Amino acid sequence: MAKRLEGKVAIVTGAGQTPGDTVGNGRAISILFAREGARVMLVDRNLESAQETQAMIAKDGGTAFAFQADVTIAEDCQKMAAACAERYGQIDILVNNVGTGGRDGTPVQVTEETWDRVFNINLRGMFLTCKYVLPFMEARETGAIVNISSIAAVCATPMLAYKTSKAGVNALTHTIAMQYAAKGIRANCIMPGLMNTPMAIEGISKAMKIDKEELIKRRSKAVPLKGGMGDGWDTAYGALFLASDEAKFITSVMLPIDGGQSARIG
Ligand SMILES: NC(=O)c1ccc[n+]([C@@H]2O[C@H](COP(=O)([O-])OP(=O)(O)OC[C@H]3O[C@@H](n4cnc5c(N)ncnc54)[C@H](O)[C@@H]3O)[C@@H](O)[C@H]2O)c1
């Protein structure tokens, strides 16, 4: 049976991960894409972490290489796109997975430093990677961009900076989808909900000084679908579909992967 991304070249940003017990979204996406036949460029500002992902893919028999870049720096994004095209000859898929949160709250509580950091990483980073990757897609009149947003973009949450930056990700995706549709380039979002990933579990339990097991229980209880929280593989399977030709008629979709959390209205 043909692999679902056979012959494709993908860039995944945030392809390393926060250390922890489970697999992160970016790592799971990278591993799954390689399993499905894509050659994958693993971009992370933490090179060692991206190299760990590379080693996992190599063990699986896949093709990938790690590349150090900070997506908030234009020069890094330019070099990233050029290095991918030079190494693999093309760029078919861009997954913008880098994202962050923390020290959030009301406008009174959020510092300017936090606001700028969250917007730089979550939104400016995606603008910059798209800026430098799109010309390569445009030249071949084909491409798929998958941006990792969050259901925070559309649900009530007390995290002002995180929510508004992710709402910006949805708006950026919508605009790019319309600007490039006639060129055969698709742009879609995934909005993960409560996931059992190190970014969420290890990150939040440390920041809020909550016991990990207690946090897992609390988050799982908030998910309508039996089984509790999702995981990195749930995000990865959504990204695989949207990046593949199976989704060739799908653009500007904001896909919740959240066990029904965002559907619980009223
Ligand atoms: N885990 C959840 O519950 C959840 C829910 C909704 C949305 N998300 C989104 O999922 C995405 C991340 O998921 P993950 O599990 O891969 O997170 P992760 O923290 O495990 O991995 C993110 C990677 O990005 C890298 N990174 C951070 N800033 C960078 C920068 N400026 N340039 C380059 N690399 C950088 C980090 O080094 C890290 O390896 C984010 O966009 C996040 O908002 C997660």
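This is a predicted model: local features need pLDDT of at least 70, side-chain atom pairs count only at pLDDT 80 or more; totals for chains, interfaces and linings use all residues.
The shell around the ligand comprises 29 residues, and the closest are Thr18, Asn25, Asp44, Tyr162 and Thr197.

**Ligand surroundings**

- Thr18, one of the closest residues, places a polar side-chain atom 2.6 Å from an oxygen atom of the ligand.
- In the side chain of Lys166, an N or O atom is 2.9 Å from an oxygen atom of the ligand.
- Helix H1 (25-35) and helix H5 (160-180) are the elements that give two or more residues to the shell around the ligand.
- Classified by residue type, this shell has 15 polar, nine nonpolar and five charged residues.

**Gln17**

- Gln17 is located in the loop that connects strand E1 (9-13) and H1.
- The relative accessible area of Gln17 is 16%, which is under the 20% limit, and Gln17 is therefore classed as buried.
- A polar atom of the Gln17 side chain lies 2.6 Å from the backbone nitrogen of Gly24.
- With residues up to four places away in sequence not counted, Gln17 touches Thr22, Val23, Gly24, Arg27, Asp44, Ser49 and Pro198; Asp44 is also among the closest residues to the ligand.
- Gln17 and Glu52 are 35 residues apart along the chain, and their C-alpha atoms are separated by 9.2 Å.

**Thr114**

- Thr114 belongs to helix H4, which spans residues 112-140.
- Thr114 counts as buried because its relative accessibility is 2%, under the 20% limit.
- Apart from neighbours within four places in sequence, Thr114 is in contact with Gly102 and Arg103.

**Asn170**

- A polar contact of 2.7 Å links the side chain of Asn170 with the side chain of Ser149.
- Ser149 is also among the residues that Asn170 touches, together with Ala153, Val154, Cys189, Met191 and Met254, when residues up to four places away in sequence are not counted.

Conventions: Residues are numbered from 1 along each chain as its sequence is written. Side-chain values use heavy atoms; hydrogens and water are left out. A residue is near a molecule or strand if one of its heavy atoms lies within 4 Å of it. A polar contact is a pair of N or O atoms within 3.5 Å; within protein, one must be able to donate a hydrogen and the other to accept it, and residues adjacent in sequence count only if both atoms are side-chain atoms. Helices (H or I, at least four residues) and strands (E, at least two) are DSSP runs, numbered from the N terminus. Ala, Val, Leu, Ile, Met, Phe, Trp, Tyr, Cys and Pro count as nonpolar, Asp, Glu, Lys and Arg as charged, and the others, Gly among them, as polar. Buried means under 20% relative accessible area, exposed over 50%, partly exposed in between (1.4 Å probe, protein chains only). Contact means heavy atoms within 4.5 Å.
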